[in-house]
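The following exercises are meant for a reader meeting this structure for the first time. Each task is followed by a solution in steps.

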Amino acid sequence: MSEERNTDRAETVPDAPTPVGIDELLERVRADYDRIGPPEAAAAAEAGALLADIRYAELRARDGLIPGALVVERNELEWRLDPRGSHRAAQAVSHDLRIIVICDEGYASSLAVASLRQLGLHRATDLIGGFQAWRGAGLPVISAAPST
């Protein structure tokens, strides 16, 4: 006979963080840095900032790409952008690099920025509204090449 666990009773774990909802977490994370809009992101890229597109392949295929953006899957982001990392991208040259993380609508990118900042990438930020805001602002988008 299997033993049933009483899930109605909350177990206390010493030093466990107080749970927060995702909206509160986003608010807390975003309070630590200044987010930027599409025109500012385009100007920053012109000045040498790295645009990091973390959207998954299906969205890139459907909506296109931002010319010059580094495409890096979200689950690889920290490994690819850590200047000290063994799997870093060629563009990840310094902790002073200005990085603008772009997701589809500007939510996942905020959480990604928090992670990059923990690695010491203190100039990382994200695009308000994500790729959809970039495209909506009429900024350049190219078709994604079909995978072979």
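**Exercise 1. The largest nonpolar core**

Determine how many residues the largest nonpolar core has and which of them have the most contacts inside it.

Solution. Step 1: in this predicted model, the largest nonpolar core has 20 residues. Step 2: the residues with the most contacts inside this core are Ala52, Ile54, Leu77, Leu81, Ile99, Val101 and Leu116. Step 3: at least two residues of the core come from each of strand S1 (50–53), helix H4 (77–81), strand S3 (99–102) and helix H5 (108–118). Step 4: helix H5 gives the most, with 3 residues. Step 5: apart from this core lies another, of 13 residues, including Ile36, Ala41, Ala69 and Phe131. As general background, nonpolar side chains in soluble globular proteins tend to be buried together.

**Exercise 2. The surroundings of isoleucine 54**

List the residues in contact with isoleucine 54, leaving aside its neighbours within four places in sequence.

Solution. Step 1: isoleucine 54 is one of the residues with the most contacts inside the largest core. Step 2: with those neighbours left aside, isoleucine 54 is in contact with Val72, Arg74, Leu77, Val101, Ile102, Cys103, Ala108, Ser109 and Ala112.

**Exercise 3. The packing of two helices**

Describe how helix H1 (residues 22–30) and H5 pack.

Solution. Step 1: two packed helices are described by the angle between their axes and the distance between the axes. Step 2: H1 and H5 pack at an angle of about 50°, and their axes are 10 Å apart. Step 4: their crossing is left-handed. Step 5: from H1, Ile22, Leu25, Leu26, Val29 and Arg30 meet Ser110, Leu111 and Ala114 of H5. Step 6: the residues of this contact comprise 6 nonpolar, 1 polar and 1 charged.

**Exercise 4. Threonine 125**

Decide whether threonine 125 is buried or exposed.

Solution. Step 1: threonine 125 lies in strand S4 (residues 125–126). Step 2: the relative accessible area of threonine 125 is 1%. Step 3: buried means under 20%, so threonine 125 is buried. Step 4: leaving aside neighbours within four places in sequence, threonine 125 is in contact with Tyr33, Asp34, Arg35, Ile36, Arg98, Ile99, Ile100, Val101 and Val113.

**Exercise 5. The chain as a whole**

State the secondary structure of the protein chain and the share of its residues that count as buried.

Solution. Step 1: the protein chain has 6 helices and 4 strands. Step 2: along the sequence, they follow the pattern α-α-β-α-β-α-β-α-β-α. Step 3: of the 148 residues, 36% count as buried.

Note on methods: Residues numbered from 1 in each chain as written. Predicted model: local features only at pLDDT ≥ 70, side-chain atom pairs only at ≥ 80, totals over all residues. Heavy atoms only, no water. Core = buried A, V, L, I, M, F, W, Y, C linked by side-chain atoms within 4.5 Å. Buried < 20%, exposed > 50% of the residue type's maximum accessible area, 1.4 Å probe, protein only. Contact = heavy atoms within 4.5 Å. Axes fitted to C-alpha atoms, helices over the stretch in contact; angles between N-to-C directions. Left-handed = near helix turned anticlockwise from the far one by under 90°. Nonpolar A, V, L, I, M, F, W, Y, C, P; charged D, E, K, R; others polar.
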